[in-house]
Amino acid sequence: MAREGGVLDKGLEGLDHNILTGTLEEFVKWCRARSCMPATFGLACCAIEMMATGGPHYDLARFGMEVFRASPRQADLMIVAGRVSQKMAPVLRQIYDQMMEPKWVISMGVCASSGGMFNNYAIVQGVDQVVPVDVYAPGCPPGPETLIHAILTLHEQIQSGHLTRRKGEGAGLVIEQRDGQAEMAVALGRR
């Protein structure tokens with residue numbers, strides 16, 4: 001028995017989308033979400049956590065992202081991990097401009113997101129002043145679980161199509177921390 005609103009009522013439009021009835025646009029979004037090629041921009045202690053995410057314990061390979069690209073022309077995802085100095089900002093922008101379209105940015109850690117504890121003239125007070133940021137991963141430093149959560153959030157946004165419709169600005173999604181550091185701070189009475 002066909003459900004209401006199914007094939008009997010709507011014809012082929014009543015079918016759920018699958019490999020045969022899906023649109024080419026949906027297929028392309030699905031492929032983009034599952035084929036991100038990250039370019040690293042590790043600048044400080046957050047870069048160690050980013051490297052740990054690519055290791056065997058967290059196995060970033062299950063998302064098809066095990067190889068961090070050294071060339072920006074082979075990458076479509078930039079993970080900015082750590083504080084960005086004023087001298088490094090033009091280099092960051094140049095690498096971002098050389099990446100292929102569509103491209104996405106994850107800001108990893110509080111220093112990349114807001115300058116962190118370094119509120120001085122030498123540090124950029126948020127990487128979003130240099131490049132558009134799609135996902136902010138909080139923490140000091142955020143653990144591998146938080147970075148994986150940021151990557152999966154980015155994948156969801158790519159597949160839904162929201163990020164491909166933006167015009168030169170990032171999505172600005174802020175995720176919650178997933179590695180237990182927030183619970184540790186509460187337990188120690190720091191919050």
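Okay, hi everyone. Please keep in mind that this is a predicted model. Let's start with the overall layout. How many helices and strands does the protein chain have? There are seven helices and five strands. If you walk along the sequence, you read α-α-β-α-β-α-β-α-β-α-β-α. So much for the order; now some totals. The chain has 191 residues, and 40% of them count as buried.

Next, the inside. The largest nonpolar core has 23 residues, and Leu77 and Ile106 have the most contacts inside it. Which elements each supply at least two residues of this core? Those are helix 3 (46-53), strand 2, strand 3, strand 4 (135-137) and helix 6 (144-160). Helix 6 gives the largest share, six residues.

Have a look at Leu77 in your viewer. If you skip residues up to four places away in sequence, Leu77 touches Cys36, Met37, Pro38, Ala39, Met65, Met99, Trp104, Val105, Ile106 and Leu154. There is also another core lying apart from that one, with 16 residues, among them Phe41, Ala89, Tyr96 and Val131.

Two of those names, Ala89 and Tyr96, bring us to helix 4, residues 89-98, where Ala89, Leu92 and Tyr96 are buried. Looking down the axis of helix 4, you'd find these buried residues within an arc of 60°, so they line one face of the helix. And what covers them? The cover includes strand 1 (38-42), strand 2 (77-81) and strand 3 (104-108).

Val131 is from that other core too. Val131 sits in the loop between helix 5 and strand 4. Is Val131 buried or exposed? With 1% relative accessibility, Val131 counts as buried. Leaving out neighbours within four places in sequence, Val131 is in contact with Leu92, Arg93, Tyr96 and Val105. Two of those, Leu92 and Tyr96, are buried residues of helix 4. Val131 and Trp104 are 27 residues apart along the chain, with 9.6 Å between their C-alpha atoms.

Pro132 is in the loop between helix 5 (110-114) and strand 4 as well. Pro132 is buried, at 12% relative accessible area.

Now helix 3. Its buried residues are Cys46, Ala47, Met50 and Thr53. Down the axis of helix 3, they fall within an arc of 110°, so here too they line one face of the helix. The face turned away from that buried side carries Ile48 and Met51, which are exposed. Strand 1, strand 2, strand 3 and helix 6 are included in what covers the buried residues of helix 3.

Let's stay with helix 3 and helix 6 for a moment. When two helices pack, we describe them by the angle between their axes and the distance between the axes. For helix 3 and helix 6, the angle is about 70° and the axes are 9 Å apart. Angles of 65 to 115 degrees count as roughly perpendicular, and helix 3 and helix 6 are therefore roughly perpendicular to each other. Which residues meet there? From helix 3 you have Glu49, Met50, Ala52 and Thr53, and from helix 6 you have Pro144, Leu147 and Ile148.

Most peptide bonds are trans, and most residues other than glycine have a negative phi. Here are some exceptions. The bond from Glu101 to Pro102 is cis, with omega near -10°, and Pro102 lies in the loop between helix 4 and strand 3. The bond from Cys140 to Pro141 is also cis, with omega near -15°. You'll find Pro141 in the loop between strand 4 and helix 6.

Then there's Asp59: not a glycine, yet with a positive phi of about 55°. Asp59 is in the loop between helix 3 and strand 2. Asp59 has a relative accessible area of 34%, which makes it partly exposed.

That's it from me, thanks!

Note on methods. Residues numbered from 1 in each chain as written. Predicted model: local features only at pLDDT ≥ 70, side-chain atom pairs only at ≥ 80, totals over all residues. Heavy atoms only, no water. Helix = DSSP H or I, 4+ residues; strand = E, 2+ residues; numbered from the N terminus. Buried < 20%, exposed > 50% of the residue type's maximum accessible area, 1.4 Å probe, protein only. Arc of directions from axis to C-beta. Contact = heavy atoms within 4.5 Å. Core = buried A, V, L, I, M, F, W, Y, C linked by side-chain atoms within 4.5 Å. Axes fitted to C-alpha atoms, helices over the stretch in contact; angles between N-to-C directions. Parallel < 35°, antiparallel > 145°, perpendicular 65-115°, else oblique.
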